[in-house]
Amino acid sequence: MKKIAILRCLKTSAACAGTGCLRAFNEKSEGFRKYEGEDIQLIGMWTCNGCGKSMLENQEGIEKKIARMADKGVDAVHISHCTAKKNDDGIPVRCPTIINICKKLNAQGVKVADGTHGSNATGEIITFD
């Protein structure tokens with residue numbers, strides 16, 4: 001059974017209940033389509049620790065979350081579409097805080113998958129150097 005986690009944006013979590021991410025996971029659709037025919041288990045749905053004025057005080061907590069993903073043997077952390085905002089040209093640009101977390105996940109040997117739901121969710125493994 002593959003162990004999957006979802007990483008989402010702290011700012012977005014204030015208004016998002018995660019239903020789109022969970023629907024796609026449960027249906028094995030959109031960003032989770034590649035798991036069709038496989039047993040998968042959602043073992044974590046976590047948020048970053050924020051950025052700018054919304055940054056949480058306990059930044060050590062993010063390090064613990066990253067270590068927990070590695071310790072639990074997560075096969076992939078899917079980064080939700082809320083972690084990329086459209087720029088002035090309408091092109092999604094991933095948040096620098098999320099990129100930093102993804103780099104740390106990769107350094108721990110944890111794979112990062114692109115997207116959960118929405119038209120841009122490929123579920124493809126992406127690396128961050």
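I began at Lys 104, which is partly exposed at a relative accessible area of 29%. The model is a predicted one, and what I read from it below is computed.

I then looked for the partner of Lys 104. The side chain of Lys 104 meets that of Glu 63 in a salt bridge, 2.5 Å from N to O. Lys 104 belongs to helix 4 (residues 96-107) and Glu 63 to helix 3 (residues 60-71), so this pair ties together parts 41 residues apart in sequence. I looked up Glu 63 as well: its relative accessibility is 38%, and it counts as partly exposed.

Next I searched the whole structure for such contacts and found five salt bridges.

I turned to Glu 38. It forms a salt bridge with Lys 2, and the closest N and O atoms are 3.1 Å apart. I noted that the pair links distant parts of the chain, 36 residues apart: Glu 38 sits in the loop between helix 2 (19-27) and strand 2 (40-47), while Lys 2 is in strand 1 (residues 2-8). Glu 38 has 27% relative accessibility and counts as partly exposed. Lys 2, at 32%, also counts as partly exposed.

Last, I went to helix 2. I found a salt bridge between the side chains of Arg 23 and Glu 27, with 3.2 Å from N to O. The two residues are four apart in helix 2, so about one helical turn separates them. For Arg 23 I noted a relative accessible area of 33%, which means partly exposed.

How values were computed: Residues numbered from 1 in each chain as written. Predicted model: local features only at pLDDT ≥ 70, side-chain atom pairs only at ≥ 80, totals over all residues. Heavy atoms only, no water. Salt bridge = Lys/Arg side-chain N within 4 Å of Asp/Glu carboxyl O. Buried < 20%, exposed > 50% of the residue type's maximum accessible area, 1.4 Å probe, protein only.
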